[in-house]
Amino acid sequence: MKINQVDMKTFCVIPAYNEEKNIFTTISQVLPRVDFLVIVDDCSRDQTYEQSCRILNSENISSELKNKLKILRHPINLGQGASLQTGNEYALKNEADIIIHFDADGQFLAEEIEKVINPIKQGKADIVFGSRFLDIKSEIPSFKKNIIMPLAKLFNLIFFGIKTSDPQSGFRAMTKEVTQKIKIENNRMAHCTEILAKAHKYKFRIAEVPITVVYKKFGQKFSGGFKIIKDLFFRKISG
Amino acid sequence: MIQQVIAILILIFFVFKLGREWKKKSITINEFIFWLIFWIIGIVVIAFIKPIDKLVMSLGFSSSGINLVFYVAVLILFYLIFRMRLRMVKMDKDITELSRKISLK
């Protein structure tokens, strides 16, 4: 039985690690825009978990909204990729139709969630990547824009044949079929490339939509890029 | 000759350390036996390096016995690191699965 595209149940997964300053705001902004929100606290050393739970005790938030929130916690720190996979598994168990990945640091705009899931709802794509480079609204640090990202794009093109405009986008949406097929195995930051590569490998319909990124900090550094390459290499040779 | 004595003393020190680990029960009997044999072979090779040199030459290798020992040691080390890496990846996977199960409970 085909689900009515409009009635698709949307789950948003937010991995959080040491985001005590941003998590409350991020949850408050995302929660009204999705059917269910899953926070995966990756064993933060700060008050991220407690701040997330604060929503459940907040009087300003309706009980209806509170019922849409699930806070999971890893007993040890595993990495962003592992947190996303934990969230994915929770979403699949709870009959999600669309799974959205969103960052906890407040760099993405919650109002753009609708824009990212639209190609899936319209039946035009199986997986949608938010891109910082299709629009000029994001003020990307110039070193990142002119050095790191072109190198990452080149790496993705040479080793995986990926041609997307944003090689490391963390804002994405996918159908449950895609989520079932793409099991994130790279626990840390290499998961962005892994998801892109697997989406290409399994020939899912891919779409990109422009998104705005508000940079509060630099994010992934140049050294982080080498770590990603190392993780991808060892994951490849260890099967 | 002095080099050989120093090398043997170092290996005897390793055997002594191995004995202490065994006494503290931080290694199993199989590990103890494996490393004991390993270091004893090392001591024997160094003690009889000249006859080994002759043997190596007679087998057609151009380098001396001690060089060959180093080449083989490096190869074994690479292999062991590779095996260790695979084990670590598997352990990493298992820990991830276990942590995930706990958090999804």
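In the predicted model, strand S1 (residues 10-16) of chain A is paired with strand S4 (residues 98-101) of chain A in the parallel sense, the pairing extending over four bridges. Within this arrangement, Thr10(A) is placed opposite Ile98(A) of S4(A).

Both strands belong to an open sheet of seven strands in chain A, for which the order is S3-S2-S1-S4-S6-S5-S7 and the pairing is mixed. In general, the strands of a sheet are joined through backbone hydrogen bonds, in either a parallel or an antiparallel manner.

Helix H1 (residues 23-30) of chain A lies across S1, strand S2 (36-41) and S3 of chain A. Relative to S1(A), helix H1(A) runs at about 175 degrees.

With regard to the chain as a whole, chain A contains nine helices and seven strands. Of its 239 residues, 44% are classed as buried. When contacts in chain A between residues at least 6 apart in sequence are considered, 81% are found to join residues at least 24 apart.

Chain A is also in contact with chain B: 13 residues of chain A meet nine residues of chain B. The side of chain B that touches chain A comprises four nonpolar, three polar and two charged residues.

Terms used: Residues are numbered from 1 along each chain as its sequence is written. Chains are lettered from A and ligands numbered from 1 in the order in which they are written. This is a predicted model: local features need pLDDT of at least 70, side-chain atom pairs count only at pLDDT 80 or more; totals for chains, interfaces and linings use all residues. Helices (H or I, at least four residues) and strands (E, at least two) are DSSP runs, numbered from the N terminus. A residue is buried if 20 or more other C-beta atoms lie within 10 Å of its own, exposed if 12 or fewer, and partly exposed in between; C-beta atoms are placed from the backbone. Two residues are in contact if their C-beta atoms, placed from the backbone, lie within 7 Å. Ala, Val, Leu, Ile, Met, Phe, Trp, Tyr, Cys and Pro count as nonpolar, Asp, Glu, Lys and Arg as charged, and the others, Gly among them, as polar. Two strands pair if DSSP finds at least two bridges between them. Axes are lines fitted to C-alpha atoms, for helices over the stretch in contact, and angles run from 0 to 180 degrees between N-to-C directions.
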